[in-house]
Amino acid sequence: MELTAGEYKLLCLFIQNPNIVLTKEQILERLWDCDANFIDNSTLTVYIRRLRMKVENNPSEPEMILTVRGMGYKWNEGISE
């Protein structure tokens, strides 16, 4: 699977924090330093969508990268194959 540097960092962050809800702010703080002020919530949403397209069987009904409404996102490690 080919990932951009940003997608790879995002995937690693999720895998390192299984089943933990990460707020958008936490994700942005951990992935991009203060020099990357152009990264915002909209950009993060695009990264999430692109990553889902690559790792999910059905990106429109994600099972691994879940949106927790009003809170953020989490990596669902408990899925069955």
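This is a predicted model: local features need pLDDT of at least 70, side-chain atom pairs count only at pLDDT 80 or more; totals for chains, interfaces and linings use all residues.
Biologist: Why is Asn-17 called buried?

Modeller: Its relative accessible area is 14%. Buried means under 20%. Asn-17 therefore counts as buried.

Biologist: Where is Asn-17 found, and what is Asn-17 in contact with beyond its neighbours within four places in sequence?

Modeller: Asn-17 is in the loop between helix 1 and helix 2. With those neighbours left aside, Asn-17 is in contact with Leu-22 and Arg-30. The C-alpha atoms of Asn-17 and Glu-77 are separated by 9.3 Å. Those two residues lie 60 residues apart along the chain.

Biologist: Why is Asn-19 called partly exposed?

Modeller: Asn-19 has a relative accessible area of 41%. Buried is under 20%, exposed is over 50%, and partly exposed is in between. So Asn-19 is partly exposed. Asn-19 also sits in the loop between helix 1 and helix 2. Its phi is positive, about 60 degrees, although Asn-19 is not a glycine.

Biologist: What makes Gln-26 count as partly exposed?

Modeller: Gln-26 has 29% relative accessibility. That falls between the 20% and 50% cut-offs. Gln-26 is found in helix 2.

Biologist: How do you know that the buried residues of helix 1 line one face?

Modeller: The buried residues are Gly-6, Glu-7, Leu-10, Leu-11, Leu-13 and Phe-14. Seen down the axis of helix 1, they fall within an arc of 160 degrees, so they line one face. An α-helix has 3.6 residues a turn, so residues three or four places apart point the same way. Ala-5 and Gln-16 are exposed on the other side of helix 1. Covering the buried residues of helix 1 are elements including helix 2, helix 3, strand 1 and strand 2.

Biologist: What is the reach of helix 3, and what is expected?

Modeller: Helix 3 runs over residues 41–55, with 15 residues. From its first C-alpha to its last, helix 3 reaches 21 Å. That is close to the 21 Å expected at 1.5 Å a residue.

Biologist: Which residues of helix 3 are buried, and why are they said to line one face?

Modeller: They are Leu-44, Ile-48, Leu-51, Arg-52 and Val-55. Down the axis of helix 3, they fall within an arc of 105 degrees, so they line one face of the helix. On the other side, Ser-42 and Met-53 are exposed. The buried residues of helix 3 pack against helix 1, helix 2, strand 1 and strand 2.

Biologist: Why is helix 2 called roughly perpendicular to helix 3?

Modeller: The two helices pack at an angle of about 85 degrees, with their axes 11 Å apart. Angles of 65 to 115 degrees count as roughly perpendicular. Helix 2 is therefore roughly perpendicular to helix 3.

Biologist: Which residues make that contact of helix 2 and helix 3?

Modeller: Helix 2 brings Lys-24, Ile-27 and Leu-28. Helix 3 brings Asn-41, Leu-44 and Thr-45. The residues of this contact divide into three nonpolar, two polar and one charged.

Terms used. Residues are numbered from 1 along each chain as its sequence is written. Side-chain values use heavy atoms; hydrogens and water are left out. Helices (H or I, at least four residues) and strands (E, at least two) are DSSP runs, numbered from the N terminus. The expected span of a helix is 1.5 Å times one less than its number of residues. Buried means under 20% relative accessible area, exposed over 50%, partly exposed in between (1.4 Å probe, protein chains only). The arc is that of the directions from the helix axis to the C-beta atoms. Contact means heavy atoms within 4.5 Å. Axes are lines fitted to C-alpha atoms, for helices over the stretch in contact, and angles run from 0 to 180 degrees between N-to-C directions. Angles under 35 degrees count as roughly parallel, over 145 as roughly antiparallel, 65 to 115 as roughly perpendicular and the rest as oblique. Ala, Val, Leu, Ile, Met, Phe, Trp, Tyr, Cys and Pro count as nonpolar, Asp, Glu, Lys and Arg as charged, and the others, Gly among them, as polar.
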